[in-house]
Structure formats: structure tokens, C-alpha cells
Amino acid sequence: MDAILKAISDIWNESGYMKLFTLGSEGSILERIATGGAGNLIMIVIACVLIYLAIKKEFEPLLLLPIAFGMLLVNLPLGGVMNQQINSLVPLTGEELVQLRQGILAQSYPILEINGSYYWQRFETGGLLWYLYQGVKYGIYPPLIFLGIGAMTDFGPLIANPKSFLLGAAAQFGIFATFFGAVALGLTGNPSLAFTEQQAASIGIIGGADGPTAIWLTSKLAPELLGPIAVAAYSYMALVPIIQPPIMRLLTTKKERSVVMEQLRPVSKTEKILFPIFVTIIVVLLLPSAAPLVGMLMLGNLFRESGVVDRIFRTAQNELMNIVTIFIGITVGATANAATFLQPRTLLIIVLGLLAFAFGTAGGVLLGKLMYYLTGGKVNPLIGSAGVSAVPMAARVSQKVGQQENPDNFLLMHAMGPNVAGVIGSAVAAGVLLTLFG
Amino acid sequence: MFFCLNFLNRDGRRMNIALIAAVAAGSAGGSNVLGSAAQVVVIGMVVVFLSLIALTAVFWVFGRAAYRKSDYVADEEAAEPDFQPMAPPMEYQEDISDEIVAVIAAAVAAMAPDGVKYAVRKVRRVRGERPVWAAAGIAENTRPF
């Protein structure tokens with residue numbers, strides 16, 4: 001009976017439940033909470049809140065749900081889903097060498113001899129999500145997502161109105177303005193508010209409103225911030241209909257918002273086929289670091305427009321996209337463990353992310369206003385806000401705000417031009433930041 | 001950046017205004033940090049705009065070369081259907097259901113050779129001694145003869 005009770009007690013003591021109610025051993029009380037099991041408990045609650053937002057409120061559920069669940073899994077103590085694979089050489093001790101020569105050494109690992117010295121070839125299998133995370137770490141998943149996005153995107157409105165490229169460029173101001181702000185915070189002298197240039201660039205890319213681009217750049221420049229940046233990026237993308245309209249109304253007049261734009265010209269199949277080829281050549285020659293993202297985006301679009309590769313076109317936008325979405329979501333969420341997420345700078349990242357979106361919207365709308373004046377009132381400035389590349393949510397917001405002024409105004413297709421231009425613009429901006437700080 | 005102040009009053013407390021030397025150096029360093037951050041902003045926006053201006057120019061030129069409004073108007077006019085007077089409606093007896101007529105018309109259309117269109121004009125019931133299916137079976141079996 002005692003043995004049974006002891007066994008049950010041992011199982012309980014080594015379970016995750018016991019670890020949940022512990023504190024870390026070093027640092028302030030907040031640091032000890034963050035590094036102990038109590039931090040895991042807080043993260044489990046946060047993960048459950050995000051799951052609720054994804055399912056009940058439908059906040060970008062395709063990504064927020066796996067991100068939230070990955071966050072939940074990694075914060076269950078002792079689960080080991082993100083344990084790193086261990087592959088190391090450990091020298092044998094003197095006693096072990098003697099046993100080895102006597103042939104009585106118990107070999108828990110293979111023994112390797114190098115130049116007369118003997119080493120344990122220690123290998124421990126990593127966790128499931130650690131292996132899947134290698135696709136994020138080596139920048140594989142985000143370009144594959146872009147392949148699917150390119151296959152799903154119609155660049156016709158952009159080709160019909162090439163000026164939309166400029167609006168897509170202007171909306172990337174949010175990225176660089178936030179970078180400046182994040183760097184400036186370091187001058188306060190408070191180390192917990194200071195970000196390196198790489199970290200500031202990763203925070204700034206939230207303003208591109210492009211999840212795969214944000215994950216791709218952050219995994220290269222500041223992988224320690226991947227969890228909070230991904231959560232911030234996808235949460236704000238879902239909040240675009242709330243964040244953008246007040247800024248759009250603040251920066252435009254009723255007359256400007258009521259502008260009805262000319263119908264877009266038809267776009268030929270030839271133009272649609274040549275578009276991805278030209279974009280790839282022009283952009284990648286100028287900015288080689290943008291090759292993975294821009295190249296895969298345009299390849300997916302070429303699959304779509306060529307019309308001769310129906311099988312792989314359908315695979316790119318369906319099965320491949322879904323598989324990679326699952327992997328990228330759950331592994332990015334799994335980087336958000338308590339020790340990295342429960343820091344004062346996480347709140348700062350969330351605030352800076354909001355500013356990035358706001359500045360991006362403002363940049364696009366202001367250039368839209370300039371184009372309104374330069375064209376004699378032919379361009380509705382509202383479509384500038386769609387340069388924030390949350391496709392197609394930002395375009396729908398332009399449509400909705402325009403219709404509130406003029407119910408007969410249909411801005412959706414006009415706004416799709418800057419919207420998809422913003423995808424290219426944010427990839428170019430990420431390439432610039434990677435070139436400068438990578 | 002911090003400085004501490006202890007005021008000297010006439011009762012003899014020591015006045016000690018200490019500005020850490022690093023404040024001055026920090027201020028200069030801060031300007032450098034902000035300066036290089038501003039440079040990044042300018043470089044970034046310039047490169048993004050240059051790339052997309054290049055794309056704008058290329059596709060504006062391409063659009064001018066590839067799209068002529070007159071071509072699309074001519075295509076739209078050519079695409080307009082050639083309206084012809086409607087044919088008189090098909091006649092069929094009242095005791096024949098619409099579904100039977102539809103099936104017959106579909107069977108006739110399926111039997112038509114390529115490039116030939118048959119139109120069913122009239123459907124009437126043929127009264128016979130044998131059931132229709134039986135008659136069809138006999139016809140099929142006796143066809144070789």
C-alpha cells in the first residue's frame with residue numbers, strides 16, 4: 001500500500017500541475033513569476049483568451065487559433081514540445097575511460113573517438129514543435145504562404161491603375177516610423193524599454209500588416225520576439241475595421257470621401273501573365289534580399305494567370321497553403337513561452353504595433369489626398385488606407401467608409417489596387433530592413 | 001540620464017549639483033542614434049518608393065501599349081448577340097406532361113449528328129396495341145432483319 005501511495009505521490013510531484021504553482025529562483029518578484037510555473041499559468045490564461053477571440057469573435061482564426069494553441073502547448077510545464085534537439089560531444093570522464101578499456105562501460109550513448117580522445121555522442125530528440133519550427137527559423141514557411149497568397153490574388157485592379165503602387169508604397173511609412181519610435185525609446189535610459197535595431201525593425205514590420213512578412217523578418221532579425229510580434233500582428237489585422245476608419249475620417253473631408261472614381265479599364269490576359277514576371281525581375285534585381293518573398297508571391301500569381309498549371313495552382317492555394325498555415329501558426333505560437341512573453345517590452349510591442357498600423361494608414365491616406373489634388377479630384381483618398389496590406393480587409397474598410405458618405409460609391413475594386421500593391425511594398429520594406437540589419 | 005541636486009542654504013548644507021558626465025556624452029550619443037534611425041527611415045522609404053515607382057512606370061507604359069479603348073469597344077460590339085425572331089412554340093397535346101416533352105427533346109438533341117440542330121415542333125401520342133417499351137424492344141430485336 002505504501003509503495004502504491006509513494007508511486008502515486010511521485011507521479012503527482014513530477015506532473016505539470018506541481019510545476020504550475022512555483023516561482024523562479026532569481027530576479028525580482030515579477031521576473032520570478034515570469035520564469036516560474038506561475039508565468040506558465042498566466043500564459044495558459046492568455047492562450048485561452050486568444051482562442052476565445054479566434055473562435056467566438058473570429059479574429060483572423062486561420063492563424064490566431066493555431067498560434068493560441070501553440071502558446072497553450074508550450075506553456076504546459078514539462079510538455080517538452082519545444083525542447084531543442086541535443087546533439088553534442090561530451091568527453092568521457094577518467095573513470096568512464098577506465099571502464100571503457102575494461103569493457104564494462106554501460107553505453108547510454110554511442111562513443112566516438114576523435115584523435116585518440118573519446119566522447120559521448122549525446123543525442124536527445126527534440127520536441128514535435130521544435131522540429132516543425134525549423135521551417136520558420138530557416139525562412140521556409142513564409143515564402144510558401146506567399147506562394148499561396150499569390151495564387152489567390154488578382155492583380156488586375158493594380159495593373160489597370162498603376163498609380164496604386166504609390167499608395168502601397170506610402171502605407172509602408174508605418175513600418176519605418178515605428179522603427180524610429182522603437183529606437184528612440186532606448187534613449188530613455190531604461191534597459192527594459194530599449195530595443196536593438198534588429199528588434200526595432202522587427203517591431204516596425206508589424207505596420208506592414210502582413211503576417212508572413214512579419215514572421216519571416218522577425219525570425220531572421222529578432223527571433224526572441226517572434227511570439228509577441230506575431231500575436232500583435234495578427235490581432236491588429238483583425239482589428240483593421242476598428243483602427244482605420246477614425247484615422248481615415250480625421251485626415252479627409254466629406255467632399256474628398258465622396259469622390260466617385262472612374263471605372264477601371266479591362267486588363268488583358270497577356271498583361272496579367274507578364275505582370276508577375278516583370279515585378280520579379282525589377283524588384284529582385286533592385287533588392288535581392290526580397291527574392292524569397294517577392295519571388296514566391298509572383299510565382300503563385302503566375303500559376304494562377306498562366307492557366308496551364310491548374311493542378312499545382314489549386315494545390316498552392318489550397319492544400320499547401322493550409323498545411324503551411326497550420327505549421328507556421330502552431331510553431332510561432334509555441335515561441336511565446338512565459339519567460340519571453342511576460343516582459344514589460346511585450347506591452348510596448350503591442351502599443352508600437354498599434355502605432356505602426358496607424359501611421360501606415362495615415363501615410364496611405366495622405367498620399368491619396370495629394371493624388372486627389374494633383375488629379376483634380378479624380379482619386380478618392382480613402383483608397384490610400386488600403387495600402388496597408390491586410391488583403392482584402394483594408395479594401396473592404398475603404399469601401400465601407402466611402403459608402404457611408406455616398407451609398408452609390410463602390411470603391412472596393414479601386415481599393416484592391418493599393419491593397420495588393422501593399423503586399424509587394426511590405427515585402428520590399430522587409431528586404432530593405434534585412435539588407436540594413438541582417 | 002539622471003542628476004542629483006542638494007541645495008545649499010544659508011544654514012550650511014552642502015550644495016552639490018552633480019551632472020554625470022555621461023549625460024553630456026549620452027546626449028551626443030542619443031543624437032547619433034536618432035540620426036541613424038532617421039537615415040534608415042529615409043533610405044527605407046526612398047527604396048520602397050523607387051521600386052514601386054519603377055513598377056508604376058513599367059505598367060503604365062505597358063498598359064498604354066497593350067490597351068486601346070477602341071479595341072475593347074469593337075470587341076464588345078462584336079460580342080453582342082445577333083437577335084433573330086423567336087420560333088413558334090412547340091405544339092403538344094395536353095395529356096402529355098412537360099417532363100415527357102423535355103425528355104423527348106433531349107433525346108432528339110442527343111441523337112443529332114455533330115453540327116446539326118434538330119428542333120421538336122410537335123409531339124403527339126401514338127396509340128398502339130402494344131406498350132411502347134415492348135414495341136421498342138421488338139423493334140430493337142428485329143432490326144437486323
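Start in the core. Select Met71(A), Ile229(A), Ala230(A) and Ala430(A): of the 140 residues in the largest nonpolar core, these touch the most other members. A nonpolar core here is a set of buried Ala, Val, Leu, Ile, Met, Phe, Trp, Tyr and Cys residues joined through C-beta atoms within 7 Å. Buried means 20 or more other C-beta atoms within 10 Å of the residue's own; exposed means 12 or fewer, partly exposed lies in between, and C-beta atoms are placed from the backbone.

This is a predicted model: local features need pLDDT of at least 70, side-chain atom pairs count only at pLDDT 80 or more, and totals for chains, interfaces and linings use all residues. Residues are numbered from 1 along each chain as its sequence is written, while chains are lettered from A and ligands numbered from 1 in the order in which they are written.

Helices (H or I, at least four residues) and strands (E, at least two) are DSSP runs, numbered from the N terminus.

Now centre on Met71(A). Leave aside its neighbours within four places in sequence. Met71(A) then contacts Met43(A), Ala47(A) and Leu50(A), and also Gly333(A), Ala334(A) and Ala336(A). A contact means that two C-beta atoms, placed from the backbone, lie within 7 Å.

**Chain A as a whole**

Zoom out to chain A. It holds 23 helices and 3 strands. Its C-alpha trace spans about 90 × 50 × 45 Å along the principal axes. Of its 438 residues, 50% count as buried. Take the contacts in chain A with a separation of 6 or more: residues 24 or more positions apart account for 75% of them.

Colour chain A by domain. Domain 1 covers 2–80, domain 2 covers 86–124 and domain 3 covers 131–437. These bounds come from an automatic or database domain assignment. The C-alpha centres of domain 1 and domain 2 of chain A lie 37 Å apart.

**The sheet of chain A**

Select the strands of chain A next. They form an open sheet of 3 strands in the order 1-3-2, with antiparallel pairing. Strand 1 (86–91) and strand 2 (111–114) stand at the edges, each with a single partner strand, so one side of each has no neighbour in the sheet. Neighbouring strands are turned by 35° against each other on average, direction ignored. Axes are lines fitted to C-alpha atoms, for helices over the stretch in contact, and angles run from 0 to 180 degrees between N-to-C directions.

Show strand 1 and strand 3 (residues 117–124) of chain A. They run antiparallel, joined by 6 bridges. Two strands pair if DSSP finds at least two bridges between them.

- Ile86(A) has Glu124(A) as its bridge partner.
- Leu89(A) stands opposite Gln121(A).
- Val90(A) is bridged to Trp120(A).

How many of the 6 residues of strand 1 of chain A are buried? The count is 0, and this strand is hardly covered. Strand 3 of chain A has 8 residues and the number buried is 0, so it lies largely in the open.

One pair to pick is Ile114(A) opposite Ser117(A). Strand 2 and strand 3 of chain A form a hairpin with 2 residues between them. Check Asn115(A) in the turn: its phi is positive, about 50°.

**Across to chain B**

Display both chains. The contact takes 36 residues from chain A and 27 residues from chain B. Select helix 1 of chain B, residues 21–66. It supplies 24 residues, the largest share of the side of chain B that touches chain A. That side has 22 nonpolar, 5 polar and no charged residues. Nonpolar covers Ala, Val, Leu, Ile, Met, Phe, Trp, Tyr, Cys and Pro; charged covers Asp, Glu, Lys and Arg; the others, Gly among them, are polar.

Pick Gly35(B) in helix 1 of chain B. Is Gly35(B) buried or exposed? It counts as exposed, because it has 10 C-beta neighbours inside 10 Å. Draw a C-alpha to C-alpha distance from Gly35(B) to Val61(B): 38 Å in space, for 26 residues apart in sequence.
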